[in-house]
Amino acid sequence: MRVTISSLQGVPPQGGVVTEYDRRHMVQYMRLLDAADEGASWQEAAQIILGLDTQKEPERARLVHDAHLERARWLSSEGYRQLAAGRTG
C-alpha cells in the first residue's frame, strides 16, 4: 500500500497512545524501520515509502520522514505493548 501525501500528516501523533493514524500507517512505519536498519538514505525512504518529493520540498520531506521514523521507533519499543493488549486510542 502506498501512502498518498494527502493521507500523510506532517507530524504523526505524539504521546504514549497508539492511534488510528498509527494503525493506518503501520506498514509504512515498519518499512521505515527496515530502511533505516539497512542503511537506506532518508531521501530514498521518503520517496519510496512515504511518497514525498525530496527534490521539490527537501526540508519538509526530511521533517516528515524523521518524525515518522521516530514514531515508528516508539511503536517498536513501547507502543507494540498496547497493540498486543488490544488497547489503542
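This is a predicted model: local features need pLDDT of at least 70, side-chain atom pairs count only at pLDDT 80 or more; totals for chains, interfaces and linings use all residues.

Student: How many helices and strands does the protein have?
Tutor: Four helices and zero strands. Along the sequence the pattern reads α-α-α-α.

Student: What share of the contacts comes from residues 24 or more positions apart?
Tutor: They make up 60% of the contacts with a separation of 6 or more.

Student: Switching to the inside. How many residues are in the largest nonpolar core?
Tutor: It has 20 residues. Among those with the most contacts inside it are Leu8, Tyr29, Leu32 and Leu75.

Student: Which helices each supply at least two residues of this core?
Tutor: H2 (26–37), H3 (42–48) and H4 (58–85). H4 gives the most, with six residues.

Student: Now arginine 73. Where is it found?
Tutor: In helix H4.

Student: Why is arginine 73 classed as partly exposed?
Tutor: Because its relative accessible area is 46%. Buried needs under 20%, and exposed needs over 50%.

Student: What does arginine 73 touch, leaving out residues up to four places away in sequence?
Tutor: Leu33 and Ala36.

Student: How far apart are arginine 73 and leucine 33?
Tutor: 40 residues in sequence, but 7.2 Å in space, C-alpha to C-alpha.

Conventions. Residues are numbered from 1 along each chain as its sequence is written. Side-chain values use heavy atoms; hydrogens and water are left out. Contact means heavy atoms within 4.5 Å. A nonpolar core is a set of buried Ala, Val, Leu, Ile, Met, Phe, Trp, Tyr and Cys residues joined through side-chain atoms within 4.5 Å. Buried means under 20% relative accessible area, exposed over 50%, partly exposed in between (1.4 Å probe, protein chains only).
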